[in-house]
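This report looks at one helix in a protein chain and then at the chain as a whole. Please have the sequence and the 3D view open while reading.

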Amino acid sequence: MKDTNIYCEDNGLLEERFTLVTDRLRQAAAQPETEEPYRDYFQKTAEFLLLTVDVLRMCREGKLDQPRSMEECGALNQRLYEDILPDRYGHSYANPAYAVQKLGEEAGGLLCFLYTECRALIAYAFEGRIYDMTILLELFVEVYTSYCDRTGTDGRETGRIIYGFFHDYSEVLVERIVREGIDPELDFFTNIVKNASLDDLSYLYRYGSYISDNEKQTAAYLAGLPETQIQAMADTFTEGYRIGFEVTGKDLSKKKTVSIHYAAGFERIVRRAMENFAKLGLQTVIFRNPVSSMGSRSKGSQGCYSTSPNRQFDFDHRNDSAYYLDKAFVTRRLEVLKNAYEKYKHLAAVYAGPAVQEVFGEEPFLPVGKKEAARYDEKQQRLNISYASQASQITNEYIKGEERGYTIIAYPLPAIGADYKAIFAETVKLNTLDYMLYRNMQQRIIDVLDQARQVHITGKGANHTDLTVSIWPLEHPDRQTAFENCVADVNIPVGEVFTSPVLKGTSGVLHVTRVYLRDLDYKDLELTFTDGMITDYHCANFADEAENKRYILENLLMHHETLPMGEFAIGTNTTAYRMARDYHIEDKLPILIAEKTGPHFAVGDTCYSHAEDMAVYNPDGKEIMPRDNERSLLRREDASRAYFNCHTDITIPYDELDAITALLPDGSRIDVIRDGKFVVPGTGELNKPLEGR
């Protein structure tokens, strides 16, 4: 198998380094030279690392590409992931609480991080990345050696070694991350999709990812569908991408690559999508869901991903870069990011953007907060925000927002329950609802909203939302509009009208009794806005109010002290709402679909982030004017103050909604929704699913 590393030094020297480090690992596994309480940690971790070395050997001998039984593949997959599965996690050194209990506060946290970082070796072994394996194994051995001579037992030496590794190898690690997203020559995943025999489900294990019943049952279900249906789903996906470029006036012919993000098990659809994109002149790029703390593990599923073996494990390690994050590291990482994009600017310039397939159906996850888990201090939080802003600017310099596009679609997983097949069929229907029917009804809603100075939104029952949103004033309403008529192109399924609110005057309380955001569950989430900015926030997930605030700060505000309201929208897909109620899956819908089932409010950047100066038009020919707000306009002076690099939609479901009312400049009021039902003339069709019809 070819070596897919970027930095390939002299093969003889690399092989020598790899041999030396694996020999040292074998010694550590057989007879560790460390004293208790560290002996057990280093022995068990060394045994795991040697298992990944065995996988690399199988890869290099071509055995992973040869037919293997499902039993053999499953047994290896189990051995690789069993230590972090929920039933074993309580006594795993990947669990920060257990590691600290056994190894002490200082050493326990660092060694827990080291073991977790070394679990990236599973992916590197399956991909044949011997260079990446060698440097990570050398990191472990260097820490192990420091414990053998007792210099590392207080944790300070371990911290120094870890920091040195990420600083010294940041060029290698960052360049790999950049290249994976835009270079079709890194074809590990595209080769599997294009060439694997999809009738033999053992192909799923070739990724090296954790494979659960979700992946196997999804692949088996799709294998039983007619090829015409598979093609139709792929066509919906890729046509939405193409139309997205068309309606925004972007030139797709200038682009040569597209990245596909998908869940393992959906390869039949992805294969057809790749063929469709090829007809559009686009080669497909697929990368792995990040496995290193350098790869933004906290941002949710990206690239090719699979069911998490343990979402508590993911949550515990979402802030792991805290172990090496400081100003010098951020400065270095920004430097190498810029250098990497400059090196691959020819690839960045022809990258068209992502085509994303999401999945849904797992039970909502309510994490357990652990004091032993890594956390950013205030200085690191500020550094994270600064890095995200500057990295976004660098990325946008080479992959220009006004030139790139995207599309996003979602399908259920078997974990959704006994009605999986019925829900899958209903989701396919959602994704192909009548474009023109919704476009025309949504235009009637926009015609009312375009008259408004503000819009007032109120909840009912247990929902105490009381929020006023300011609307962009139109100078030429005959050819301008304040709301985008969003139909099924980039954002599938159909069903919303949205705007970027004027921040001044946008004030009040947004409340939802329960919402599921970025794989996390929020109970009684409440945000208070003053002139468009969040000024207070609460939830009821934990008994401790400080823990509730920390949960929101870290996972919704993304460590920002405040965020603006970047979007106000009215979802019109009452069919999706009815599906959720009929199958009792309200808490399992992804944001993509949930946002269409009521009004929603995005915190963070606007929908036009980094592309504000490009004119955008509705199907009726009117230009959509509010592509900016008061914060994004700061980009003309200082881009670091304009963007927050996040955008999270929070939806009020129809059954928690009292009214949405347009407030006109003359003081009159026009209801868009009253008592949870659409009342604009010509939109009655939207109420039928709400009434169970």
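Which residues of helix H12 (residues 213-223) are buried? The model examined here is a predicted one. In H12, the buried residues are Asn214, Glu215, Thr218, Ala219, Tyr221 and Leu222. Because these residues cover an arc of only 165° around the axis, they lie on the same side of H12.

What do the buried residues of H12 pack against? Their partners are three helices: H13 (227-247), H14 (267-279) and H19 (420-430).

## The start of the helix

Ser212 makes a contact at the start of H12. A side-chain oxygen of Ser212 comes to within 3.1 Å of the backbone nitrogen of Asn214. Asn214 is also one of the buried residues of H12.

## The whole chain

The protein chain contains 25 helices and 20 strands. Along the principal axes, its C-alpha atoms fill a box of roughly 80 × 55 × 50 Å. A compact globule of 693 residues would have a radius of gyration near 26 Å, and the protein chain agrees with this because its own value is 26 Å.

## Burial, contacts and surface

Of the 693 residues of the protein chain, 61% count as buried. Contacts between residues at least 6 apart in sequence were also examined, and 75% of them join residues at least 24 apart.

The protein chain has an accessible surface of about 26900 Å². Carbon and sulfur atoms account for 49% of that surface.

Key:
Residues are numbered from 1 along each chain as its sequence is written. This is a predicted model: local features need pLDDT of at least 70, side-chain atom pairs count only at pLDDT 80 or more; totals for chains, interfaces and linings use all residues. Side-chain values use heavy atoms; hydrogens and water are left out. Buried means under 20% relative accessible area, exposed over 50%, partly exposed in between (1.4 Å probe, protein chains only). Helices (H or I, at least four residues) and strands (E, at least two) are DSSP runs, numbered from the N terminus. The arc is that of the directions from the helix axis to the C-beta atoms. Contact means heavy atoms within 4.5 Å. A polar contact is a pair of N or O atoms within 3.5 Å; within protein, one must be able to donate a hydrogen and the other to accept it, and residues adjacent in sequence count only if both atoms are side-chain atoms. The radius of gyration is taken over C-alpha atoms; the globule rule is 2.2 Å times the number of residues to the power 0.38. Accessible areas come from the Shrake-Rupley method with a 1.4 Å probe; for residues, only the protein chains shown count as cover.
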